[in-house]
Amino acid sequence: MQRILITGKNILHTPENRLILEAKGYQIILCENLPDAVGLILEDPPDLLITEKGFGGGNHDHELIMAAKACLQKANIPIILVLDQDDLNTEMDWDYYPVDDFMVKPVAPETMLAQIELAESRMVRVFDNNPLSRLPGNTSILRSIQKTIDSDDPYGVCYIDIDNFKPYNDRYGFSRGDEVLLMVARITVNVVEELARDGSFVGHVGGDDFVFIVREEKIKPVCERLVENFERVKNMFLSPEDIKAGAFIGEDRQGKETRFDLLSLSVAVVTTGNHIYKHFGEVSVIASQIKHYAKTLSGSNYVIDRRH
Amino acid sequence: MDETKKEHFRRTLREIKNLPTLPGIVTKLTKMAEDPDTTTEQMGKVISKDHILAAKLLRLVNSAFYGFPQRISSLNSAIILLGFNVIKSLIISASIFEIMEDQDIELWEHSLGCAVVCSVVSKRLGISDPEEISTAGLIHDIGKVAIKMELPEEYEQINTMVLEKKVSRFAAEREILGLDHAEVGRWLAKKWNLPTKLIEPIACHHDPRLAKTEQLSSAVVHFGNIVIRGMGYGHGDDIWVPPMSQRAFRMLEISAVDIDEILDEIEDKLWDVKGFSLEIQTEQQAAAADCE
């Protein structure tokens with residue numbers, strides 16, 4: 001952790017406090033107004049955000065925290081909220097302030113330093129996220145699936161797969177392949193956030209496999225929008241020649257020259273509820289069967305399995 | 001032209017950070033962002049009617065941070081990739097013009113009008129992604145805003161020269177700065193990591209012959225720029241309609257009959273734009289009245 005953005009007034013109190021942090025190798029950025037702070041988070045995100053409750057007046061403190069949370073690439077920016085003693089006397093709404101920690105003013109420099117270091121080490125501990133997309137990885141995914149099948153409510157566990165990703169990688173190179181993975185990650189997070197925020201989850205298994213979980217009634221709208229958005233954006237990631245030809249020529253797994261369709265998205269959905277599954281392993285078995293079927297269909301599509 | 005002076009202009013323009021937007025647009029978008037029922041698409045529609053916010057959005061989505069440098073050339077794609085929350089943050093961080101001048105509105109209308117022409121023409125040409133070219137049309141004059149913001153004194157001199165000597169803005173810019181807004185636009189687009197598909201039409205909208213790879217889209221934006229000026233929509237104080245490149249015109253394969261149809265179609269679509277412009281200006285006045 002290097003760069004710390006501090007928003008609000010008088011959090012550091014004295015220049016000495018700043019020096020202590022800087023001596024430890026932290027780069028401090030101070031910002032006192034909302035537009036500039038949000039601009040910084042958007043264009044040049046810090047590694048840690050320390051912000052004051054009541055910053056900028058109105059609901060600006062909340063807006064800023066939400067802006068920091070919205071950055072997918074640094075979804076894990078730890079946020080520390082600085083409070084007055086009075087704020088603790090009345091109960092805090094931590095859903096409104098989804099922060100990682102708090103400090104009470106006046107903050108002694110040793111306390112601040114210790115809390116920053118703690119935030120840092122805590123981040124390493126929970127880091128099961130995919131290094132490319134920064135989305136939660138396998139441990140979190142399995143935990144979420146288990147939680148879903150243990151729940152009384154019906155959900156859809158949705159497996160995304162990018163068709164012809166391997167030949168794309170062979171033809172365009174790995175870094176271009178990574179761009180496509182990031183594209184799918186972002187589209188998925190955005191669609192799920194916008195259409196099915198409550199109770200949802202998005203994770204990245206690895207490679208071109210992603211998983212998301214939404215409430216049953218949201219399965220259709222989310223899948224439809226996902227497929228539609230992928231189709232609208234995918235041409236940006238293909239060369240004009242390939243778009244024109246509607247296919248690309250590559251080698252199959254046996255090394256034979258083959259014609260591949262352009263990129264498409266397959267989503268295989270397993271519905272849960274009524275406690276029909278006991279263990280997450282059962283869900284993935286069903287998922288791989290539907291995935292297989294979904295892959296035989298041409299173009300981008302989604303298939304929903306309803307066994308109950 | 002003094003070389004060190006020219007270098008100074010270049011450096012100043014390169015440092016540019018935040019271009020201001022029309023207050024009316026920001027007010028409208030802020031209202032939309034506060035409404036929980038607003039969709040990303042609805043906000044995207046308004047943003048694609050503003051050359052500054054559109055440029056910002058493209059700059060953001062093409063920044064190394066998001067992982068698609070020089071890749072995203074259409075606004076719709078940028079909006080899908082950035083998503084509601086980032087767009088909301090973009091609106092919060094937007095700066096607005098402190099003093100609004102008629103010229104700012106005129107330039108905005110001109111940009112919007114040019115995008116309309118580009119969209120009509122590229123659909124006619126059967127281009128696979130017409131939205132890409134209308135995006136280029138929308139932000140083709142971004143260099144003008146940069147000159148106004150970063151070189152206010154020279155900007156005034158250019159204005160005076162345009163009015164007094166009755167020369168085109170383009171010529172006045174060359175005379176006073178030793179460079180023109182198309183060149184400034186090219187630097188900005190390059191610095192912002194925009195794809196070549198957008199850089200070239202911006203850089204070459206006055207002379208599409210300069211385009212190396214994006215000849216067709218540069219020709220369309222060139223045509224759009226001139227046609228919308230010729231139709232007298234959003235001209236500012238620049239009274240001259242720039243000359244049309246014969247080669248670009250031939251490339252578009254537009255006959256005399258076609259041109260009538262095209263103009264009709266543009267006129268139709270401009271009604272929407274004019275309505276929107278009126279709405280924004282009302283919003284602006286209301287916001288200004290609130291401040292008083």
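Me: A salt bridge here is a side-chain nitrogen of Lys or Arg within 4 Å of a carboxyl oxygen of Asp or Glu. How many salt bridges does the structure hold over all chains?

Reply: The model is a predicted one, and over all its chains it holds 32 salt bridges.

Me: What makes Asp163(A) and Lys295(A) a salt bridge?

Reply: The closest N and O atoms of Asp163(A) and Lys295(A) are 3.1 Å apart. The cut-off is 4 Å, so the pair qualifies.

Me: Why can Asp163(A) and Lys295(A) be said to tie together separate parts of chain A?

Reply: Asp163(A) belongs to strand β6 (residues 155-163) of chain A, whereas Lys295(A) belongs to helix α11 (residues 280-296), so the pair links parts that are 132 residues apart in sequence.

Me: How do you know whether Asp163(A) is buried or exposed, and what does Lys295(A) count as?

Reply: Asp163(A) has a relative accessible area of 7%. Buried means under 20%, so Asp163(A) is buried. Lys295(A), at 39% relative accessibility, falls between the limits of 20% and 50% and therefore counts as partly exposed.

Me: Which residues do salt bridges that share partners join into one network?

Reply: The network consists of Asp161(A), Asp163(A), Asp209(A), Lys291(A) and Lys295(A).

Me: How many salt bridges does the rule find across the interface of chain B and chain A, and what makes Glu63(A) and Lys88(B) a salt bridge?

Reply: The rule finds four across that interface. Glu63(A) and Lys88(B) have their closest N and O atoms 3.8 Å apart; the limit is 4 Å, so this pair is a salt bridge.

Me: How many residue pairs in polar contact does the rule find across the interface of chain B and chain A, and which elements give two or more residues to the side of chain B?

Reply: Eight residue pairs are in polar contact, with both residues at pLDDT 80 or more. On the side of chain B, the elements are α3 (40-47), α4 (51-61) and α5 (75-93). The largest share, 13 residues, comes from α5(B). By type, that side divides into 12 nonpolar, 12 polar and six charged residues.

Me: What is the area buried between chain B and chain A?

Reply: The buried area is about 2,800 Å², and carbon and sulfur atoms give 59% of it. In chain B, Phe65(B), Arg71(B) and Ile80(B) lose the most area to chain A, together 26% of what that side buries.

Me: Why are strands β9 and β10 of chain A called paired?

Reply: Pairing needs at least two bridges, and five join β9 (residues 247-251) to β10 (residues 257-261), so the antiparallel strands qualify. Glu251(A) has Glu257(A) as its bridge partner. Five residues lie between the strands of this hairpin, in which Gly255(A) takes a positive phi near 85°.

Conventions: Residues numbered from 1 in each chain as written. Chains lettered and ligands numbered in written order. Predicted model: local features only at pLDDT ≥ 70, side-chain atom pairs only at ≥ 80, totals over all residues. Heavy atoms only, no water. Helix = DSSP H or I, 4+ residues; strand = E, 2+ residues; numbered from the N terminus. Buried area = accessible area lost by both parts, 1.4 Å probe. Polar contact = N/O pair within 3.5 Å; in protein donor to acceptor, adjacent residues only side chain to side chain. Nonpolar A, V, L, I, M, F, W, Y, C, P; charged D, E, K, R; others polar. Buried < 20%, exposed > 50% of the residue type's maximum accessible area, 1.4 Å probe, protein only.
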